[in-house]
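Biologist: I'm new to reading protein structures. Could you take me through one, feature by feature?

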Amino acid sequence: MRKAIVLGVACMALAVLAVTCKPSGDGGKLPVSRALEPYRAMDFGHLVGMEGFSDALLKMHFTLYQGYVANTNALLEKTRALVKEGKAEGPEYAELKRRLGFEFNGMKLHEYYFGNLGGSGVLPKDNALSSAIEENFGSFENWKADFIATGRMRGIGWVVLYQDPATGRLVNTWINEHETGHLVGCVPLLVMDVFEHAYVTDYGLDRKAYIEAFFKNVNWKVVLQRFGVEVKEADFPQPPRSVQPGVPKGEEARPAKTEKPSTETAKSAERKS
Ligand SMILES: [Fe+2]
């Protein structure tokens, strides 16, 4: 009997240990079992119908994003295979490796960008982020003017409002293309795409008008969450959509056109920008 009790306690202890040692999905640490899984494109179809962004533009943009996901997976797979084959010293490996920062950041930046859209564009008053913006920039208006001025710089790339977790400092930064200009260790809070493909379809060369439309759709709930603020759902009513999510305007009766994500499409369209 005593033996059975001891055995039972030992089994329970082992079970607790197993649960405790299981890699956590929190804090940015993914379970080991997912580390080598291919990246999967996220679905941002809920943005369709967003004011100021045509369905055609959004669908094209989703396709470009899917190309980055596909290219990131292909590069990671190919470089691993070259190492296994003992070909890591060659120029093919080197060029693929150089390309990874472009494709990977192209994928991630789009996820941050689409992720901080779809809101009402209204940042509720009296929150820690507003206070931090005022402390860093003097006022919300100053911060916004700096963010917009960064976004209107000539060239293609991104604007990122970063927070340096070491000091709390907030910085608006220009990212050239996808991979140059990132601030190491900083947390992206608000991300805006200013590649021409993000707006030319709807606004031609009027980047200023596109940036205004961007701000009208910022999802501040997401931005606050990235900043670490606990948010109240009631403060963020869902903005009205002109169409049902996923159903293009005027195309309700027609079957949706499926576009195969093409790595070449993504590459050439970005380069045209
Ligand atoms: Fe883009």
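Modeller: Aspartate 126 is exposed, because 6 other C-beta atoms lie within 10 Å. Before we go on, this is a predicted model, so local features need pLDDT of at least 70 and side-chain atom pairs count only at pLDDT 80 or more, while totals for chains, interfaces and linings use all residues. Residues are numbered from 1 along each chain as its sequence is written.

Biologist: Where is aspartate 126 in the chain?

Modeller: Aspartate 126 sits in the loop between α3 and α4 (128-137). Those labels follow DSSP runs, numbered from the N terminus: helices are H or I with at least four residues, and strands are E with at least two.

Biologist: What should I look for in the phi angles?

Modeller: Most residues other than glycine have a negative phi. Aspartate 126 has a positive one, near 55 degrees. Glutamate 177 has a positive phi too, near 50 degrees, and is found in the loop between β2 and β3. Glutamate 177 counts as partly exposed because it has 18 other C-beta atoms within 10 Å.

Biologist: How do I read a sheet?

Modeller: Strands of a sheet pair through backbone hydrogen bonds, either parallel or antiparallel. We call two strands paired if DSSP finds at least two bridges between them. Here 3 strands form an open sheet in the order β2-β1-β3, with antiparallel pairing. β2 (170-176) and β3 (187-193) are at the edges with a single partner strand each, so one side of each has no neighbour in the sheet.

Biologist: How many bridges join β1 to β2?

Modeller: There are 7 bridges between β1 (residues 157-163) and β2, and tryptophan 158 stands opposite isoleucine 175 in β2. β1 and β3 pair over 6 bridges, with tyrosine 162 opposite proline 188 in β3.

Biologist: Is β3 mostly covered or mostly uncovered?

Modeller: Mostly covered: 6 of the 7 residues of β3 are buried.

Biologist: How do I check a helix?

Modeller: Compare its length with the expected span, 1.5 Å times one less than its number of residues. The 25 residues of α3 should span 36 Å, and the end C-alpha atoms are 36 Å apart, which agrees. There is also a kink of about 30 degrees in α3, centred on arginine 99; that bend is the angle between axes fitted to the seven residues ending there and the seven starting there.

Biologist: What covers the buried residues of α3?

Modeller: The cover includes α2, β1 and β3. Among the buried residues of α3 are Met107, His110 and Phe114. Methionine 107 and asparagine 71 are 36 residues apart in sequence but 9.0 Å apart in space, C-alpha to C-alpha. Asparagine 71 belongs to helix α2 (residues 55-84) and is buried, because 23 other C-beta atoms lie within 10 Å.

Biologist: And what about a nonpolar core?

Modeller: In soluble globular proteins, nonpolar side chains tend to be buried together. A nonpolar core is a set of buried Ala, Val, Leu, Ile, Met, Phe, Trp, Tyr and Cys residues joined through C-beta atoms within 7 Å. The largest one here has 43 residues, and Trp158 and Met192 are among those that touch the most other members. The largest share of this core, 7 residues, comes from α2.

Note on methods. Buried ≥ 20, exposed ≤ 12 C-beta atoms within 10 Å, placed from the backbone. Contact = placed C-beta atoms within 7 Å.
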